[in-house]
Structure formats: C-alpha cells, structure tokens
Amino acid sequence: MHDIHYIVLVFFVSLLVSSLTHHPMLRLARKYGIYDNPESRKLQRVPIPVMGGCVVFLGAAAGSLCYWHFHDCTSIIPVQAAMTVMLLIGILDDMRDLSPYLKFAIETVVVTLLALYSGLLIDDLHGLWGIHQLPLWVAWPFTVIACVGIINSINLIDGVDGLSSGMCILILTFYSSMFFFCHDYVRAAFGSCFVGALIPFFVLNVFGEKSKMFIGDAGTLMLGVVISDMVAAMTSSASPCARQLDASPYCAPAFALAVMAVPVFDTLRVMFGRILRGRSPFRPDRSHLHHAFICYGFHHLDTALLEIFLDLAIVMLWYATAHSYLPREWQFYIVAAVGIAAICVLYWMLGRKKRIARRTTP
C-alpha cells in the first residue's frame with residue numbers, strides 16, 4: 001500500500017512545482033520575446049508566450065526526482081533522456097520554426113534510440129488474429145512508425161486552449177492507472193508526475209487572462225515521446241504489464257488505441273485527406289477536428305472538453321466490451337470502428353454548415 005502513497009506524493013510535488021514555476025517562466029518568455037505569433041492557420045489573434053512545455057517538464061522532473069528516493073527508477077532513464085532531447089528540439093522549433101521534415105527525422109532517430117536503450121518494442125499483438133510475438137524485422141519499423149505517429153498526433157492537436165494538455169491529462173491518467181493495475185509502480189508514478197504537472201498549466205492556460213501561455217512544440221513533443229514509451233511498455237513482449245493484461249480479459253492493443261483514439265484517428269484523417277488532395281501530409285492547414293468545431297461556432301474550452309469527452313466515451317466503450325468478455329479481436333474492431341466513424345462523421349457534420357452557407361450565398 002505504500003506505493004499508492006508515494007504516487008500520490010509525487011503527484012502533488014509535481015503539481016506544486018508546476019504551479020510555482022508558471023509565472024516565472026511566463027516572465028522569462030516575455031523578456032526574451034518567445035511568442036507564438038498569429039498566422040492564417042492558427043486561431044489566436046495576438047502573440048502568446050510559448051514556454052509551457054518547460055513548466056510541465058520542471059514539474060514532472062521534480063516529482064520524478066522525489067520518487068527516486070523510494071524506488072529504483074533506472075528503467076525509465078532512457079525515456080527521461082529522450083523527453084529531454086525532445087523538449088530542447090521543441091524549444092528550438094518554438095523559437096526558430098524548424099522544417100517539419102527535419103523534426104520528423106529527429107523524432108525517428110530519438111524513437112529508434114529510445115527503443116534500443118529501453119529494450120521495449122511494440123512487438124506483440126497479444127493474440128489478436130492469433131498473432132503473438134512479431135519477428136524483429138517487423139517489430140522495429142512498426143515500433144518506429146507507431147511511436148513517431150503518436151508524437152505527431154499529440155503535437156497536431158495543439159490548436160485550441162486546453163486541448164493538448166487536457167487530452168494528455170486524460171491519456172496519462174488512464175495509462176498510469178493501468179500500470180498501477182499491472183504493478184508497474186515506477187511507470188505509474190512517472191505518468192502521475194506528468195498529470196500533476198499538467199493540471200496547473202491547463203487551469204492557467206484556459207482560465208487565466210494574464211497567465212495564458214501555450215505549451216508549444218516543446219511540450220507536445222516531450223509528452224508525445226513519454227506517451228509513446230508508455231504504449232511500448234504496455235504492449236512489448238518484454239513488459240511485465242503486457243503479461244498481466246494477457247491474463248485478464250483486457251486486450252492491451254485495444255486499450256492503448258482507445259485511450260489515444262481521438263488524436264490518432266483525427267491525425268490519420270487529416271494526413272490521408274492532404275495526400276488525396278495532392279498535398280504534402282506535413283503541410284499544416286486548418287483541417288483538424290478542433291478547427292471544424294471553432295469554425296462551427298464553439299469556443300476553445302467547449303471544443304477541448306467535447307474532444308476530451310469523446311475520447312473518454314471511447315475508452316468507456318472499450319471497458320464495456322472487455323467486461324462483456326468479448327474476444328480480443330472484437331474489442332479492437334469496435335474501438336477502431338467507433339473511433340474512425342465518430343471523427344469522420346463529426347467533421348462532416350461540422351463542415352456541413354459551411355458547405356450549405358456557400359451554396360446559399362448569392
């Protein structure tokens with residue numbers, strides 16, 4: 001029972017440090033002119049300071065250091081190193097606006113090194129379609145593609161106030177809870193540190209008038225690599241968590257996908273849409289689901305909460321299928337089908353108002 005006490009403790013340490021560092025970091029961003037400036041594809045109308053990722057990093061790092069006093073945390077050193085690298089790359093991107101192709105290449109290298117040094121690959125389908133451990137020549141590219149995709153899906157939902165931070169709070173809460181269920185207390189505590197660090201940022205970003213600050217690419221790239229490591233730790237054949245899940249009615253791939261459903265399926269829809277229009281999938285535009293909500297007339301907080309609740313509903317649906325003892329394949333099919341349908345139908349319905357207006361304009 002001491003483990004839950006330590007996890008709660010590091011949660012509050014992270015929350016406190018994040019709260020205390022928010023305003024100093026805000027002043028630092030203003031002093032050195034580190035702003036996210038308005039442009040055609042962005043929704044803000046004035047420059048906003050963009051150092052929120054550093055606030056979350058400091059809060060989570062403080063909680064992690066605290067947990068080192070109670071447990072050996074050497075297993076998460078590779079992901080701590082990777083998230084630090086991605087934070088620095090994100091800061092540089094926030095200041096200099098790096099090429100998307102360069103960021104993609106850096107993400108690929110970081111993810112590859114993370115998998116190499118952590119020993120965690122997404123190399124097991126856990127009985128889906130009768131498949132268990134994948135051969136290395138399949139597992140390595142699959143891991144890199146999946147993890148880079150996760151990083152970009154977190155990065156690309158950062159378009160309205162509170163969406164990326166709120167979605168990451170939800171994702172990390174579910175993943176941390178599953179790690180706790182599987183007795184992987186180190187990763188449960190690690191996720192708890194980020195949840196604690198994100199909550200003050202979310203509140204100040206959404207409700208603060210003078211304290212508003214964006215999390216920036218520094219924050220989303222860092223959170224993306226942390227979440228991708230958690231997905232690998234939950235599905236790897238070398239993971240004790242995966243073995244625990246295999247002995248339960250839960251399908252690990254279906255759960256991992258359900259928790260990431262909204263960012264993953266919205267990113268896939270946007271990427272395929274750009275390709276079908278003959279454009280680069282990396283060229284930014286305003287075709288994300290949150291853009292459709294805003295264009296329809298929803299406020300930023302409404303948009304963030306609706307997408308978060310949609311993601312929560314998909315997780316609850318997965319939970320219902322698992323506790324109905326449906327086969328693992330059906331858990332996965334239902335999550336994928338509902339996630340894709342919900343994202344595509346919502347986007348079509350929200351865009352229908354604009355299409356009707358165009359047809360009726362004299």
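## Aromatic rings

Tyr175, Phe181, Tyr250, Phe255, Trp318 and Tyr319 are joined into a cluster by ring pairs. Rings of Phe, Tyr and Trp (its six-membered ring) pair if their centres lie within 6.5 Å. The model is predicted: local features need pLDDT of at least 70, side-chain atom pairs count only at pLDDT 80 or more, and totals for chains, interfaces and linings use all residues. Residues are numbered from 1 along each chain as its sequence is written, and side-chain values use heavy atoms, with hydrogens and water left out.

The whole structure holds 14 aromatic pairs. One of them, Tyr296 with Phe298, is stacked, at 5.9 Å centre to centre and 25° between the planes; stacked means planes under 30 degrees apart, over 60 is edge-to-face and the rest are tilted.

## Salt bridges

Side chains of opposite charge can pair when their charged atoms come close. The count here is 5 salt bridges, each a side-chain nitrogen of Lys or Arg within 4 Å of a carboxyl oxygen of Asp or Glu.

Lys103 meets Asp217 at 3.3 Å, N to O. Lys103 is in helix α4 and Asp217 in helix α8, 114 residues apart. Helices (H or I, at least four residues) and strands (E, at least two) are DSSP runs, numbered from the N terminus. Both Lys103 and Asp217 are buried, meaning under 20% relative accessible area, with exposed over 50% and partly exposed in between (1.4 Å probe, protein chains only). A salt-bridge network links Asp93, Lys103 and Asp217.

## Two arginines

Arg187 forms a salt bridge with Asp229 (3.1 Å, N to O). Arg187 lies in helix α7 and Asp229 in helix α8, so the pair ties together parts 42 residues apart in sequence. Arg187 and Asp229 are both buried.

Arg269 has a salt bridge to Asp266, with the closest N and O atoms 2.7 Å apart. The charged end of Arg269 also sits over the ring of Tyr347, 3.8 Å from its centre. That term requires NZ of Lys or CZ of Arg within 6 Å of the ring centre and within 35 degrees of the ring normal.

## The largest cavity

About 50 Å³ of space lies in the largest cavity. A cavity is a set of points on a 1 Å grid over the protein atoms alone where a 1.4 Å probe fits but cannot get out; lining residues have an atom within 4 Å of a point. Volume is the space filled by probe spheres set on the points.

Helix α4 gives the most to this lining, with 4 residues. Asp229 is among the lining residues, as are Val111 and Cys147.

Technical notes: 1 Å grid on protein atoms, 1.4 Å probe; cavity = no way out; pocket = protein on both sides within 12 Å on 5 of 7 lines; lining within 4 Å.
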